[in-house]
Amino acid sequence: MKVAVGSTNKTKTGAVRNAFPEATLVSVPALSGVADQPFSDEETLQGAVNRARNALEQTDADVAIGLEGGVLETGRGLFLCNWGALVTRHGEMFYAGGARIQLPDEFLHPLLSGKELSEIMDNYTKRRDIRSSEGAIGIFTNGYVDREEMFTHVAKLLVGQYMYSKA
């Protein structure tokens, strides 16, 4: 089976590889079609759907997976959110969401002013390209859960639903 990943980010491609270990993977840059920093569950999910659809269109894969990270403002504070979508050549679509973790309140103003979480995290940690390694979830869980593991969970939920539909 050939699986397209709608990203070249190594944490996202690694997550899909973990969920589909027997598949041939191809990763392609795929536009999310949403804001660079999605700011709701719906916008983040739509970004994942768009990435999956765009990856399928760009390749001859059997299925494509899009993964998207975002933030969500709630009455209890700002949270990290993440969503995934799997689309098949037959038009079937599967959705899954993942872990949430509270982000520092001081992140809200920079996010509302248009900065991406990845930029805020790089400044916060005094490091570069956090999103290609442990991500915000890795920083705020003290390395207990990293970004690839978080997205692996979402990708496995997608693959599991897809496999169930074929059973």
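A: Asp60 is exposed, with a relative accessible area of 56%, and Lys2 is partly exposed at 27%. Here buried means under 20% relative accessible area, exposed over 50%, and partly exposed in between, for a 1.4 Å probe and protein chains only. The two residues form a salt bridge whose closest N and O atoms are 2.6 Å apart. This pair links distant parts of the chain, with Lys2 in strand β1 and Asp60 in the loop between α2 and β3, 58 residues apart. Helices (H or I, at least four residues) and strands (E, at least two) are DSSP runs, numbered from the N terminus.

The model is predicted: local features need pLDDT of at least 70 and side-chain atom pairs count only at pLDDT 80 or more, while totals for chains, interfaces and linings use all residues. Residues are numbered from 1 along each chain as its sequence is written, and side-chain values use heavy atoms, with hydrogens and water left out.

The structure holds 7 salt bridges, each being a side-chain nitrogen of Lys or Arg within 4 Å of a carboxyl oxygen of Asp or Glu. Another of them joins Asp41 to Arg100, with the closest N and O atoms 2.9 Å apart.

Glu68 belongs to strand β3 and Arg51 to helix α2, 17 residues apart. Glu68 is buried at 4% relative accessibility, and Arg51 is buried at 16%.

In α1 (residues 10-19), 7 of the 10 residues are buried, including Lys12.

Lys12 is also among the residues nearest the centre of the largest pocket, with Asp36, Glu116, Arg131 and Arg147. The lining of this pocket divides into 12 nonpolar, 9 polar and 7 charged residues, with Asp, Glu, Lys and Arg counted as charged, Ala, Val, Leu, Ile, Met, Phe, Trp, Tyr, Cys and Pro as nonpolar, and the others, Gly among them, as polar. A pocket is an open set of points on a 1 Å grid over the protein atoms alone, where a 1.4 Å probe fits, with protein on both sides within 12 Å along at least five of seven lines; lining residues have an atom within 4 Å of a point.
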